Amino acid sequence: MKQHSPHPAKPRVVTTKTVITMKRNGEKIAMLTAYDFLVAKYLDQVGIDIILVGDSLGNVVQGYETTLPVTVDDMIYHAKAVKRAVKNALIVVDMPFMSFQTSINDAVRNAGRIMKEVGVGAVKLEGGAYIADIVKHLVNIGIPVMGHLGLTPQAINKFGTYEVRATTKEEAARLIEDAKILTEAGTFAIVIEKIPAELAKKVTEIIPIPTIGIGAGPHCDGQVLVVYDMLGLTEEFKPRFVHRYSEVAETMRAAFRTYIKDVKGGKFPTEKESY
Ligand code: KIV
């Protein structure tokens, strides 16, 4: 007869330390975004390592053109819903545009609100060497920070396009330098977005903390996608780096069409669905 252990393997509770150890052990890190209770619950149930409450919610939940209008209150609202669902994954929350760039005081106040009011594991800040002092200060006072280099959507008005970043020798050298400086400042991981795969490989080899790639090739220590993109909900958004794992938009439309037809045709509700 099969013996059942009274102590089945417990799912791992992921911390910032866990992800650094994962890099050391050569274990890839799987990260996806979530903005609500149910998606976060299903991600956590299937063993995602990191859930990012990204400011991409400005695009995919709120319908803005860019992430710039997103506020700290918006991030806290969505992060609270995610937090209620998650038992094991590390939750990281984006610091939105102008919530940290203005001063160390603003960064401490806003990151402090996110940590205190939601109770998550870390915050993520977009930017390179120029935010190193802010990162250092947050880490020193006990707020873990994930960096974000390469394509940084909060800087879209500076660049004007969402094209691949760091394609010249000078830009590549600057990105490597930024990654080193952020590592020294105390980040526990760095998202590198939409840069050449060979450059991402180099960064991953140079820095001791994990790189989490999005459009940065296969050599990063982990990967992240916007959950609505990989589910096929954001149909018009089709960059090369988005692998569609489902076609949820079409599934939803089909269900909605059938519902409308059933209501109009008097087929719903049936007796079985009535009291
Ligand atoms: O806001 C976001 O979802 C992000 C990921 C794309 C990395 O920053």
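**Salt bridges, a strand and a helix**

Q: What meets the side chain of Arg 244 in a salt bridge?
A: Glu 247 does, at 3.0 Å, N to O. A salt bridge here is a side-chain nitrogen of Lys or Arg within 4 Å of a carboxyl oxygen of Asp or Glu. The model is predicted: local features need pLDDT of at least 70, side-chain atom pairs count only at pLDDT 80 or more, and totals for chains, interfaces and linings use all residues. Residues are numbered from 1 along each chain as its sequence is written, and side-chain values use heavy atoms, leaving out hydrogens and water.

Q: Which residues share partners in one network?
A: Glu 235, Glu 250, Arg 253 and Arg 257, joined by salt bridges.

Q: How many salt bridges does the structure hold?
A: 12. One of them pairs Asp 94 with Lys 124, the closest N and O atoms being 2.7 Å apart.

Q: Where do Asp 94 and Lys 124 sit in the chain?
A: Asp 94 is in strand 3 and Lys 124 is in strand 4 (residues 122–126), 30 residues apart. Helices (H or I, at least four residues) and strands (E, at least two) are DSSP runs, numbered from the N terminus.

Q: Is Asp 94 buried or exposed?
A: Buried, at 2% relative accessibility. Lys 124 is buried too, with a relative accessible area of 2%. Buried means under 20% relative accessible area, exposed over 50%, and partly exposed in between (1.4 Å probe, protein chains only).

Q: New topic. Which residues of strand 2 are buried?
A: Ile 50 and Leu 52 on one side, Ile 51 and Val 53 on the other. Both faces of strand 2 (residues 50–53) are covered.

Q: How many bridges join strand 2 to strand 1?
A: Three, and the strands run parallel. Two strands pair if DSSP finds at least two bridges between them. Leu 32 has Ile 51 as its bridge partner in strand 2.

Q: And how many bridges pair strand 2 with strand 3?
A: Four, again in the parallel sense. Val 53 stands opposite Val 93 in strand 3.

Q: Now helix 9. Which residues are buried there?
A: Leu 199, Ala 200, Val 203 and Thr 204. Seen down the helix axis, the buried residues fall within an arc of 140°, so they line one face of helix 9. The arc is that of the directions from the helix axis to the C-beta atoms.

Q: Which residues are exposed on the other side of helix 9?
A: Glu 198 and Glu 205.
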